[in-house]
Amino acid sequence: MKKENLRAISAQAIYQVLEQGQSLSSILPALQKNLDGKDSALVQEICFGIMRVLPQLEFFIRQLMDKVLTGKSRVLHYVIMVGLYQLLYTRIPAHAALSETVDAAMVLKKPQLKGLINGVLRQFQRQQPELMIQFEQTQEYYFHPSWLLKRLQSAYPEQWQDIINANNQRPPMWLRINQQYHSAEQYLTLLTEHGIEGKLHPELPEALQLVTPAAVSKLPGFDQGWATVQDLSAQYAARLLAPENSDHILDMCAAPGGKTTHILEVAPKAQILAVDVDSQRVKRITENLTRLKQQAEVKVGDGRYPEQWLDQHQQFDRILLDAPCSATGVIRRHPDIKWLRRDSDIAELVTLQAEILTNIWPYLKTGGILVYATCSVLPDENIRQIEQFLSVQKNAQLIGEPLQFLPALDSGDGFFYAKLTKNSA
Ligand SMILES: C[S@@+](CC[C@H](N)C(=O)[O-])C[C@H]1O[C@@H](n2cnc3c(N)ncnc32)[C@H](O)[C@@H]1O
């Protein structure tokens, strides 16, 4: 079988994200399809790594090249970036990184640019110490776009540097242990027997962190549903919703079903309707339910127009609204978010969230519970959204204090939760 050039594949992926606005998680599976595990992992590492440190690599390219590569040669800009990333952040020997990266020009049908790529990378090797110092003196040193930096600094004057620091790290891997098979302690013993190290969480009995992230194929009983990969903060959704077996529950914006399956682990007999607007992602809810041998009604539907897919008189005991959001709480898992989102997206998302929340509210029973959740750290999408809702929706009342989790090293992602109930007023 012909050996693929992994640098060319990575450069094409970066090109699709930065020039065409695609997300890494949507394009990588197809690009990795024909690669073995090791090659696929290297492409993953290069692409996610570049998204983490993009401003630094762009800075070096600006210093090293007089002319920007444009048009049909633009993809070669990203080949150079892939070369720089390997030299700086991987243990690949420099000669191998250089020769494979230069060869990518052949694969991409630009053999005339081999010399340029080679020259830029060699010049970088010579000037690396000075370039590093120069970069540290720039504003870009935070590796975040300035609009987001400003929002974080204004919302969290004390904590923004910790947030940025957490965002720039690789994410921890958390599991949710299905209590119907094992307690987290029992599963930890199983993991240890398989040579995998883990840690329990003091507050959430089903949460377990892997000391080193591992492929799910290595996890005991993964295919039988013994464990699910889910961030620690995301595991609070089911706890706050506190579902009971007799409940009729609407899981709004449910795909890919991480929280649907958690609700059913807690209350296996609850009747759940899981709805999402994205038909491709809805298929993943069904796949996850199948793996966990659970049942729920699954529908494609737009949360802004529930009258199109719900009977007007239907009402639920509990609603989980896991709203579409900026995903600024999960940047360490999806570092491309920093370059795909624009400041202007936030106001649009706030409007969309408000519309879904307002239009779903009539379908909650009096005395019922609605949990509003986002994986955002921006107050506009979170606390201000809820305050605005409470100011107009007179029969809505907050239960307890809303929770704003910030991403933290060795802990959970950034998440927001508000628990609401409906009064008869
Ligand atoms: C944060 S994700 C949901 C994650 C999911 N609850 C889980 O735990 O696996 C937000 C979801 O909102 C969906 N979405 C976006 N706009 C929507 C709309 N107008 N109506 C319904 N779903 C929408 C997206 O397709 C996406 O799947």
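**Ground rules.** I number residues from 1 along each chain as its sequence is written. Since I am working with a predicted model, local features need pLDDT of at least 70, side-chain atom pairs count only at pLDDT 80 or more, and totals for chains, interfaces and linings use all residues.

**Annotated site.** I looked up the UniProt "binding site" annotation, from an unreviewed entry, and found that it includes Cys253, Lys259, Asp276, Asp302 and Asp322. UniProt positions follow the numbering used here, feature names are shortened, and annotations may be inferred rather than shown by experiment.

**Asp276.** I found Asp276 in strand 6, residues 271-276 (strands are DSSP runs of E, at least two residues, numbered from the N terminus). Asp276 is buried because 26 other C-beta atoms lie within 10 Å (buried needs 20 or more other C-beta atoms within 10 Å of the residue's own, placed from the backbone). Beyond four places in sequence, its contacts include Cys253, Ala254 and Ala255 (contact means backbone-placed C-beta atoms within 7 Å).

**Asp322.** I then turned to Asp322, in strand 8, residues 316-322. Asp322 counts as buried because it has 23 C-beta neighbours inside 10 Å. Leaving out residues up to four places away in sequence, I list Ala237, Cys253, Lys259 and Ala373 as its contacts.

**Cores.** Ala237 and Ala373 turned up again, among the residues touching the most other members of the largest nonpolar core, which has 64 residues (a nonpolar core is a set of buried Ala, Val, Leu, Ile, Met, Phe, Trp, Tyr and Cys residues joined through C-beta atoms within 7 Å). Another core, of 35 residues, lies apart from it and includes Met51 and Leu54.

Key
Helix = DSSP H or I, 4+ residues; strand = E, 2+ residues; numbered from the N terminus. Buried ≥ 20, exposed ≤ 12 C-beta atoms within 10 Å, placed from the backbone. Contact = placed C-beta atoms within 7 Å.
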